[in-house]
Amino acid sequence: MKRLVTLLIFCLLISISAVAAAGGTITGTVHLPNTERGMHIGRGEGGAAMMWDMSAPKNRKRSERAEIWLIERGINFTALPYAAVQKWYQQGTIPANQPIYHAVVNEQGQFTFQDVPAAEYYVMILDPNGKEGNQNLADKMTRDELTKKLPHADEFELFMVGMRSCLVQKVSLRNGQTINIRPSVF
């Protein structure tokens with residue numbers, strides 16, 4: 001009987017560690033323009049017009065790449081010390097032991113977060129080439145929801161977002177699941 005109980009406890013511990021170690025993957029593509037020469041839509045008081053930027057260098061790729069932040073929705077931001085928040089916003093240093101992940105897109109605009117614990121997340125895309133005005137209502141509401149939770153939201157807007165567009169989407173990740181993000185704007 002003692003061996004049976006020991007064996008059951010051992011099996012239980014193995015299964016718990018397997019579940020705890022399991023995670024999911026979040027991937028996506030931010031469609032960056034391949035060239036600075038291209039069609040742009042200009043809006044003004046007299047209406048809208050389509051323009052071609054023919055003076056831009058041909059086939060020159062943009063050097064700035066989009067940053068992707070994965071932030072667990074249940075994070076307790078009020079528990080973070082102000083110094084940690086400042087380092088995160090100003091230097092990109094993730095606060096210790098927090099469910100926040102960071103990636104930069106590759107040359108094809110792709111990103112991947114692997115072995116991420118199952119949870120609900122905000123996926124925040126900061127893109128120097130995006131156009132925020134084209135976001136759908138759900139994305140704007142999600143961004144507002146995240147901004148209300150963030151400590152010192154004005155510093156977030158100043159240091160993290162700056163002149164880049166900011167798209168925020170919600171995702172729910174289960175163990176073993178792979179989610180492919182398809183940003184609605186970029």
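Glu120 has its bridge partner in strand 8: Ser172. The model is predicted. Strand 8 is paired with strand 7, and seven of the nine residues of strand 8 are buried.

**Strands 7 and 8**
- Strand 7 spans residues 119-127.
- Strand 8 spans residues 165-173.
- The two strands run antiparallel, with nine bridges joining them.
- Strand 8 is mostly covered, as seven of its nine residues are buried.
- In a regular strand, side chains alternate between the two faces of the sheet.

**Helix 2: the buried side**
- Helix 2 runs over residues 82-91.
- Its buried residues are Ala84, Val85, Trp88 and Tyr89.
- An α-helix has 3.6 residues a turn, so residues three or four places apart point the same way.
- The cover over the buried residues of helix 2 includes strand 4 (67-72). It also includes strand 5 (100-104) and helix 4 (153-161).
- Just after helix 2 comes Gly92, with a positive phi of about 80°.

- Ala84 sits in helix 2.
- Ala84 counts as buried because its relative accessibility is 19%, and the cut-off for buried is under 20%.
- Leaving aside residues up to four places away in sequence, Ala84 touches Thr93 and Pro95.
- Ala84 and Ile94 are ten residues apart in sequence. Their C-alpha atoms are 7.9 Å apart in space.

**The whole chain**
- The protein chain has four helices and nine strands.
- Along the sequence, the order is α-β-β-β-β-α-β-β-β-α-α-β-β.
- The chain has 186 residues, and 36% of them count as buried.
- How much of the accessible surface belongs to carbon and sulfur atoms? The share is 54%, out of about 11,600 Å² for the protein chain.
- Consider the contacts between residues at least 6 apart in sequence: 74% of them join residues at least 24 apart.

Methods: Residues are numbered from 1 along each chain as its sequence is written. This is a predicted model: local features need pLDDT of at least 70, side-chain atom pairs count only at pLDDT 80 or more; totals for chains, interfaces and linings use all residues. Side-chain values use heavy atoms; hydrogens and water are left out. Buried means under 20% relative accessible area, exposed over 50%, partly exposed in between (1.4 Å probe, protein chains only). Contact means heavy atoms within 4.5 Å. Accessible areas come from the Shrake-Rupley method with a 1.4 Å probe; for residues, only the protein chains shown count as cover. Two strands pair if DSSP finds at least two bridges between them.
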